[in-house]
Amino acid sequence: MIYEHAYEMVPDDVFLRLREPAGVEVYLKMEGLNPAGSIKLKVAVSMVSDAERRGVLRPGGSLIESSSGSLGIALAMVSASKGYHFLCVTDPNTSPQSVEVMRALGAEVVEVDERDASGGYLGSRISYIERRVASDPLLVWLNQYVNPRNWMAHERHTAASITAELPRVDYLFVGTGTAGTLMGCVRHFRRVSPSTRIIAVDAEGSVSFGTPAGPRYIPGIGASRRPELFRPELVDELIQVSEVDTIRTCRWLAREHGLFAGGSTGSVVSAIRRRAPELPAGSCVVGVSPDFGDRYARTIYDDAWVAGRFGPDCLHDAPAELSTVRS
């Protein structure tokens, strides 16, 4: 197949069947097989296209967005192809690789290092954007945290492709960051497969579900302020995953399955492994795998980085207990 633009190359029908946990059928929906390397390319294309249709974004315009990495890369790719200037607002948890990729694609990157009231950086990143937009009315903020085109991209593509490939899905595990993927999946599955039990996977220290705030070092899932798109009452269960367990699971996937997984994928698989023994035999379980591990090579897969933040015990392969499960 021949494409005119790199951002159009988004395969949406690739699944990896895991050999374990035993007793259930586990499929990972692989979202990193596109030029931007993550599920966020669908969101970037959706939001930019909508802004163009509405006349908010015109040729030669400038975009600004907050991102911990993946959406920033996706928007940098789309902006380069369409001729827009893109400014990405990041924080110290953003991987150096992600920053390097964004700059290689022509984006301007600003790091905000002041923590917000919840101990994270998201509130500070948004405050910075609000100040920049107020001083430059031509600067377009797509605002993934409130933009309905975020969840619409996943309702129309991500979720729909799951039910097209797997007509029966008993349990769906989805990581929660901006909640766009989760809310898009909820809307599709409630309409098409209402019996599917949807399990949100969040990080310890995230406040999305009203749990206590805490320090987090791995970007991807979790938030230091609840995203406006998020409706937690529509989710069947919550599993919060410690970053230690995310790291151990990522390393287990790499060594036992040859899958170089990103942090969000590690969290989702951790949740699946925790929940699997309680599920009926033969259940069809799907987990959304947002990206691969290249952007985590200097963090999750770096022994010195892991030991320095979590202690040497975290380097052991045995998965830790997950923190909480809520039905």
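## Terms and model

Helices (H or I, at least four residues) and strands (E, at least two) are DSSP runs, numbered from the N terminus. The model is predicted, so local features need pLDDT of at least 70 and side-chain atom pairs count only at pLDDT 80 or more, while totals for chains, interfaces and linings use all residues. Residues are numbered from 1 along each chain as its sequence is written, and side-chain values use heavy atoms, with hydrogens and water left out.

## Confidence

The protein has a mean pLDDT of 92, and 97% of its residues reach 70 or more; pLDDT is the predictor's confidence in each residue, from 0 to 100. Confidence is highest in strand S10 (residues 284-289), at a mean of 98, and lowest in strand S11 (residues 324-326), at 37.

Over residues 320-327 pLDDT stays under 50, and the model has 31 contacts beyond four places in sequence for these residues. Here contact means heavy atoms within 4.5 Å. Where pLDDT is low, the predicted coordinates should not be read in detail.

## Overall form

The protein has nine helices and 11 strands. Its radius of gyration is 19 Å, close to the 20 Å that the globule rule gives for 327 residues, so the protein is as compact as a globular protein of that length. This radius is taken over C-alpha atoms, and the globule rule is 2.2 Å times the number of residues to the power 0.38. The C-alpha trace spans about 55 × 45 × 40 Å along its principal axes.

Of the contacts with a separation of 6 or more, 71% are between residues 24 or more positions apart. Buried residues make up 59% of the 327 residues; buried means under 20% relative accessible area, exposed over 50%, and partly exposed in between (1.4 Å probe, protein chains only).

## Annotated domain

An unreviewed UniProt entry carries the annotation "domain: Tryptophan synthase beta chain-like PALP" for residues 17-288. UniProt positions are given in the numbering used here, feature names are shortened, and annotations may be inferred rather than shown by experiment. Over residues 17-288 the chain is 40% helix and 18% strand, with the end C-alpha atoms 12 Å apart.

## Nonpolar cores

A nonpolar core is a set of buried Ala, Val, Leu, Ile, Met, Phe, Trp, Tyr and Cys residues joined through side-chain atoms within 4.5 Å. The largest one holds 33 residues, of which Phe173 and Val285 touch the most other members. Two or more residues of this core come from each of strand S2 (25-30), strand S7 (171-175), strand S8 (197-203), strand S9 (237-241), helix H7 (243-257), helix H8 (263-275) and helix H9 (303-310).

Leaving out residues up to four places away in sequence, the contacts of Phe173 include Ile199, Val201, Ile239, Val268 and Val285. Another core, of 27 residues, lies apart from the largest one, and Tyr27, Ile162, Ile198 and Cys284 are among its members.

## Local features

The peptide bond from Glu20 to Pro21 is cis, with omega near 5 degrees. Pro21 is in the loop between strand S1 (15-18) and S2. Asn143, in the loop between strand S6 (139-141) and helix H5 (148-165), is not a glycine but has a positive phi of about 55 degrees. Asn143 is buried, with a relative accessible area of 13%.

Ala179 also has a positive phi, near 80 degrees, and lies in the loop between S7 and helix H6 (180-192). Ala179 is buried at a relative accessible area of 2%. Ser98, in helix H3 (residues 96-104), is buried at 3% and touches Gly69, Ile73 and Arg295, not counting residues up to four places away in sequence.
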